[in-house]
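Please read this short report alongside the sequence and the model. It takes a few helices and strands in turn.

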Amino acid sequence: MRVPLSWLRDFAPFEGDPIALGETFDDLGMVVEGIERVGEGLDGVVVARVLEVHRIEGADKIRRVLVDDGTGDAVQVVCGAWNFEAGAVVPFARVGAVLPGDFAIGRRKMKGVESNGMICSARELSMGEDGAGIMVLADDVADPGTPFADAMGIQADVVFDLAIETNRPDANSVAGVARDAAARLKLPFTLPSGSLPGGAPTASASARVESPDLCPRFTATVVTDVVVGESPEWVRRRLTLAGMRPINNVVDASNYVMLELGQPTHPYDLDQLGGQGLLVRAARPGEKLVTLDGVERTLGTVGEDCLICDALDVPVGIAGIMGGESSEISAATTRVLLEAAYFAPMAIARTSKRLGLRSEASARFERGCDPDGIDRSVARFCQVAGVGQVDGGAIDVRSLPADRPAIRVRTKRVNKVLGTALSTEQIASYLEPIGFEVARANGAADAAAVDAAAVLDVVPPSFRPDVSIEENVIEEVARHHGYMNIERTIPRRPFVGSLTPYQKARRRLREVLVGAGLSEALGVPLLAPGEHAKAGLAEKALSAPDPLAREESVLRTSVLPGLLRAVAFNQSHRVADVALFEIGHVFGVPAEDSQPLPDEREVLGAVVADAVAAKRVFDVVSQTFHSSVSLASVADAPGLHPTRSAAVSIDGVGVVGHVGEVDPGVLAGWGIEGRVGWIGLDLGAFLPVTPVYRAARPVSRFPSSDIDLAFVVPDTVPAAAVQDELYAAAGDLLQSVALFDVYRDPERLGEGRRSLAYRLRFQSQDRTLTDEDVAAVRARLIDAIESGLGASLRG
């Protein structure tokens, strides 16, 4: 936001170095992005009239010019511009002048012709960007020799370019900036006076609000006997310095009030309004309106857009953003209906973003304007416009609560948050100059007498909708106390931060997987449409409403598609032996309409280009975190082989994932060769709250003995169930069990049965095992399997 220093001085007597004032703005959180000095470097520049223009022999780009600069003698100069002829009135820099940018004007010779000064362009005078031609002035601007600054009404000024943050709606105006700086510098601050005539609302127009949730306050004021013309020079100059183009006195007055007080207004040609009135309502689906920029806008498609309509219900403007073409101010306007309102900030923000239409007005409305400052803004409009008569009182439709709740502010809390030792009186002295109402504790008149445990009742001003809790007030105290005045301290805490048990377990899981030879992959949570189905998963998933790329528009429900894509990529680059894992979040579709957020879970997914090796990796993981994990064969695991997959279950928790082989049909769809193993676990359910510790076993110095046992078992009995039964029946002598063969033969073994062959290793800690010891354990194992699982020993 561009803020001229001369405008700030209307509110407070800011004197001294502008650089120091800029530092004050910086310290208050209104960051100064630039300081521009205007109207300087024009000493020695006068109005001059071109008398003669002659060509220079041997030169085709410059001409000899004689000008009358008011001294009585014609002055010869050489000029390279061709956009003027004899009789033109131009700015002329005499010899000795120093133009903006420290450009000194001297006496020079070009092509043998002496040049005694310079005819100037707008760029050379810092009056614009045009540097291609001379700045040609109006014929009657002034007599030759008149100082250029006087003729143009230019006054030296300083313009601050401020970056105003979204949480400072009060600083979106010249008055707001002046108020803040005056409070810091302890200068008197005054707002422009002005009040509207009271009495009954005007009968010349009407105003209704059908959507008070979108427009809590709406006023309409009729101004008659309006003569549309050029604004006074001082208004045009200030608008130009602030970065706005002057248009006419009515529109300029509206823009001037918005910049000065932060309250956007909108003037309508009353005679062009159907029904001589305004109606505020929500847009209906598909309604269209051509805005002042000539673009047709479609409204009411998403959420609620707020419309300004005439009394006949025809849209004439998008509330708080931009008016329509049909009722804009023209040279023929004689009666103005001035709208000044308070619109719901989020409603304006949503509409502005959806339409891609942002204006100075919408930037202020979406941050929150002052609902109680409308009367002053309307009165100021009438003063600045300088024409017309107010017809009756304003029509005021208001549903906004008049009272603002007080915020309890504790002196002790302020000092604890800021690390200061401020008194209650100091806190109040920072808040009152910026418009806060402060009531001392116990009604005490002297806040200095209140101890550090005092509580203040602070009522924020209506122009500070951003202040609603105690911490907001503390921030205001910190700003005006000065962050540089707060001593830097290091907060002390009795405890240092640490990882949660879940975070420790997740870190341990990463270490185990890396130790097992897997590499971690970092996937993207967004997939392309169709990639779920390509991986054998349900296609039902959440889609991003406005994705950056269609290839990343669907929230993943599993990490399987991303890992399969990685395997396919590696195989296409002749890297076949791939083993990857990913720990990340997946997103399920909400089960019910009442569930506002998706079902987000953190999972582990691992793929190994060797299905058997994947099972060994799973065994390492499960034994690291649990003493007992059950596997049950499943035929409907999404994306997995119907006969080579199992559900992973934990006692007391239930199913926590799946392990198995990726379906060959899925692999073919990704162009992957071979067999790929898969491990998928819900980490929130799988990782234990308390770590599992396993006691170290001493290494026996005695030899071990191996035996092989093959059992014929029904297909419904998992191999893991046989293994668990062997461990349970063998006792302490059993060191390891390994499945080394699976055999099927319907003729010899029967339908629905298979042979599982295991190698068992026995070893004692205190002796060498005899054949009798091993035979006894063998008999016990056979009996346990045959009786417990309905199996038979294969001969």
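## Helix H2

H2 is followed by Gly29, and the phi of Gly29 is positive, near 95 degrees. Helices (H or I, at least four residues) and strands (E, at least two) are DSSP runs, numbered from the N terminus. This is a predicted model, in which local features need pLDDT of at least 70 and side-chain atom pairs count only at pLDDT 80 or more, while totals for chains, interfaces and linings use all residues. Residues are numbered from 1 along each chain as its sequence is written, and side-chain values use heavy atoms, with hydrogens and water left out.

H2 spans residues 18-27. Its buried residues are Pro18, Leu21, Gly22, Thr24 and Phe25. Buried means under 20% relative accessible area, exposed over 50%, and partly exposed in between (1.4 Å probe, protein chains only). These residues cover an arc of only 155 degrees around the axis, so they sit on the same side of H2. The arc is taken from the directions from the helix axis to the C-beta atoms. Helix H1 (5-8), strand S2 (31-38), strand S12 (157-163) and helix H4 (174-185) are among the elements covering them. Contact here means heavy atoms within 4.5 Å.

At the start of H2, a side-chain oxygen of Asp17 comes to within 3.1 Å of the backbone nitrogen of Ile19.

## Helix H19

H19 covers residues 719-730 and has 12 residues. From first C-alpha to last, H19 reaches 17 Å, close to the 16 Å expected at 1.5 Å a residue. The expected span is 1.5 Å times one less than the number of residues.

Which residues of H19 are buried? They are Val722, Leu726, Ala729 and Ala730. Seen down the axis of H19, they fall within an arc of 95 degrees, so they line one face of the helix. An α-helix has 3.6 residues a turn, so residues three or four places apart point the same way. The buried residues of H19 pack against strands S37 (705-714), S38 (734-743) and S39 (753-762), and against helix H21 (771-789). Just after H19, Gly731 has a positive phi of about 85 degrees.

In strand S19 (residues 306-310), 5 of the 5 residues are buried, so the strand is largely enclosed by the rest of the structure. Cys306, Ile308 and Asp310 point one way. Leu307 and Cys309 point the other way.

S19 has antiparallel neighbours. Strand S16 (residues 277-282) is joined to S19 by 5 bridges. Leu279 has Cys309 in S19 as its bridge partner. Another 3 bridges join S19 to strand S20 (residues 315-318), again antiparallel. Here Ile308 is partnered by Gly317 in S20. Two strands pair if DSSP finds at least two bridges between them. The hairpin of S19 and S20 has 4 residues between the strands, and Asp313 takes a positive phi near 70 degrees there.

Strand S6 (residues 89-93) is joined to S11 by 2 bridges. Ala93 stands opposite Met118 in S11.

## An exposed lysine

Lys186 lies in the loop between H4 and strand S13 (206-209). Is Lys186 buried or exposed? Lys186 is exposed, with a relative accessible area of 68%. Lys186 and Gly482 are 296 residues apart in sequence and 14 Å apart in space, C-alpha to C-alpha.

Conventions: A polar contact is a pair of N or O atoms within 3.5 Å; within protein, one must be able to donate a hydrogen and the other to accept it, and residues adjacent in sequence count only if both atoms are side-chain atoms.
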